[in-house]
Amino acid sequence: MMSENIPYDAIEKKDSEIFKYLNLEVERQKEVLNMIPSENYVSKAVLEASGSILTNKYAEGYPGKRYYQGMSNVDEIEKIAIERAKKLFGAEHANVQPYSGSPANAAIYYALLKPGDKIMGMRLDMGGHLTHGHNVNFSARFYKSTPYVLDKETQMLDMDEIRKLAIREKPKLIISGYTAYPRKIPFKEFHEIAEEVGAYSMADISHISGLIVGGVHPSPFPFTDVVMTTTHKTLRGPRGAIILSKKEDRLANVEGLDEKKAKRAKNLALKIDRAVFPGLQGGPHMNVIAAKAVAFEEAMTPEFKDYAKQVVTNAKVLAETLLDNGVKLVTGGTDNHLILIDLTPIGVGIGKEVAVALENAGIVANMNTIPYDPSTPFKPSGLRIGTPLLTTRGMKEEEMQIIGEWISRIILNRKDAALQKKTKEEVKALCEKFPFY
Ligand SMILES: *Cc1c(COP(=O)(O)O)cnc(C)c1O
């Protein structure tokens with residue numbers, strides 16, 4: 001019934017249990033204002049490609065160098081995906097096989113580092129990612145993590161402090177790119193620091209890659225050595241990731257190697273490819289690679305540029321509305337698709353409680369630590385919201401003002417159940433005006 005635009009006929013016949021929850025999920029996605037900044041609504045074309053018969057195909061290896069037969073079509077698909085990724089980001093090399101962001105980061109470390117080498121990324125509680133050297137993650141178990149932090153006053157990157165730390169610690173890899181940072185990232189300065197201390201520069205642009213290709217955030221290319229992005233966030237593609245890089249390894253040590261070995265040692269592209277397969281992965285998910293190719297083509301259109309621009313405009317309007325209502329924001333605003341709300345003036349450690357209150361009102365977001373959070377990661381004092389999905393639905397400045405008012409009043413009256421119920425009805429009515437399939 002409800003899935004009129006997304007037929008699940010075969011599932012309905014074969015598996016009533018999963019069918020039931022799929023339908024309920026379609027219903028939920030339609031009725032809520034989804035403001036989780038790492039999610040998006042993919043196009044039907046992307047959905048078709050990722051649900052296609054390519055899921056049946058094994059293709060270990062790379063185009064022209066496979067370990068299986070029957071490759072005539074999937075080789076072409078992967079080559080198209082690679083060419084489009086290179087063109088979209090202006091990269092010299094692309095690997096489109098990573099299953100997701102975390103395994104892609106593992107592949108980069110495996111390609112560039114030896115166990116015990118030092119990495120330097122931003123600390124998790126400041127807005128960094130688990131795979132950038134957090135102590136419960138493989139990245140701090142196999143490598144030595146010396147994280148940097150944000151400036152306590154401005155809550156922004158302090159490049160002088162980051163440079164000092166890099167000079168003192170001499171990491172082998174410096175990582176920029178975050179999960180909860182609302183401001184622009186100076187990729188060029190990060191690369192210059194890496195050059196100064198003899199490190200590789202890596203940018204994890206998972207959250208902002210759609211903004212970069214849309215021209216509303218500076219690109220890490222042409223200077224950054226290796227760039228990783230998930231494909232399912234602002235880029236609006238299928239769940240997965242890609243690794244982009246330079247062709248040449250600036251730091252290759254070729255002392256005493258013969259010409260052939262030296263050439264191999266300098267081949268950064270080959271190191272990345274070999275780390276992904278056979279280093280860490282087996283067969284690539286060809287259905288997802290096809291969907292990535294479709295998403296890259298979509299991201300090259302003028303419509304996508306307009307989309308990226310509107311994502312940022314919407315976030316700015318939303319931020320202003322929250323500020324006008326007395327809601328405090330980390331860094332006092334945003335340059336990108338996300339806003340980090342500082343709830344401490346209302347209550348320390350109430351992030352979860354506010355996220356639940358908002359969900360009761362039909363607004364889906366997530367609790368998050370704020371820089372120098374006085375509470376714990378399990379009971380953080382922040383809330384992270386973003387505009388990528390609302391913008392895909394076609395919402396603009398006017399809707400952001402309305403939604404900003406709703407969010408403010410729920411936050412400021414977080415125990416008012418009647419208000420949540422009333423808002424939920426208003427949210428549903430707004431959502432009906434902005435269908436997404
Ligand atoms: C989302 C994200 C990842 C991890 O991606 P998964 O697909 O969830 O493994 C890595 N780094 C950053 C900065 C991210 O935002």
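Visitor: How many Å is an oxygen atom of the ligand from an N or O atom in the side chain of S100?
Guide: The distance is 2.4 Å. Bear in mind that this is a predicted model.

Visitor: And which backbone N or O atom lies 2.9 Å from an oxygen atom of the ligand?
Guide: One that belongs to G101.

Visitor: What about K233, how far is its side chain from the ligand?
Guide: An N or O atom in the K233 side chain is 2.7 Å from a ligand oxygen.

Visitor: How much of the ligand does the protein bury?
Guide: The protein buries 86% of the 380 Å² that the ligand exposes when taken alone.

Visitor: Which elements give two or more residues to the shell around the ligand?
Guide: Those are α5 (101-112) and β9 (226-230). The largest share comes from α5, with three residues.

Visitor: How many residues surround the ligand, and which are the closest?
Guide: There are 14. The closest are S100, G101, S102, D204 and K233.

Visitor: How does the shell split by class?
Guide: It has 10 polar residues, two nonpolar and two charged.

Visitor: Switching to the surface. Which residues form a nonpolar patch there?
Guide: Y58, Y67 and Y68 do. Together they have about 370 Å² of accessible area.

Visitor: Where is Y58 found?
Guide: Y58 sits in the loop between α3 (44-50) and β2 (61-62).

How values were computed
Residues numbered from 1 in each chain as written. Predicted model: local features only at pLDDT ≥ 70, side-chain atom pairs only at ≥ 80, totals over all residues. Heavy atoms only, no water. Near = heavy atom within 4 Å. Polar contact = N/O pair within 3.5 Å; in protein donor to acceptor, adjacent residues only side chain to side chain. Areas by Shrake-Rupley, 256 points an atom, 1.4 Å probe, with all protein chains shown as cover. Helix = DSSP H or I, 4+ residues; strand = E, 2+ residues; numbered from the N terminus. Nonpolar A, V, L, I, M, F, W, Y, C, P; charged D, E, K, R; others polar. Patch = residues over 30% accessible without salt bridge, like charges linked within 9 Å, V, L, I, M, F, W, Y side chains within 5 Å. Salt bridge = Lys/Arg side-chain N within 4 Å of Asp/Glu carboxyl O.
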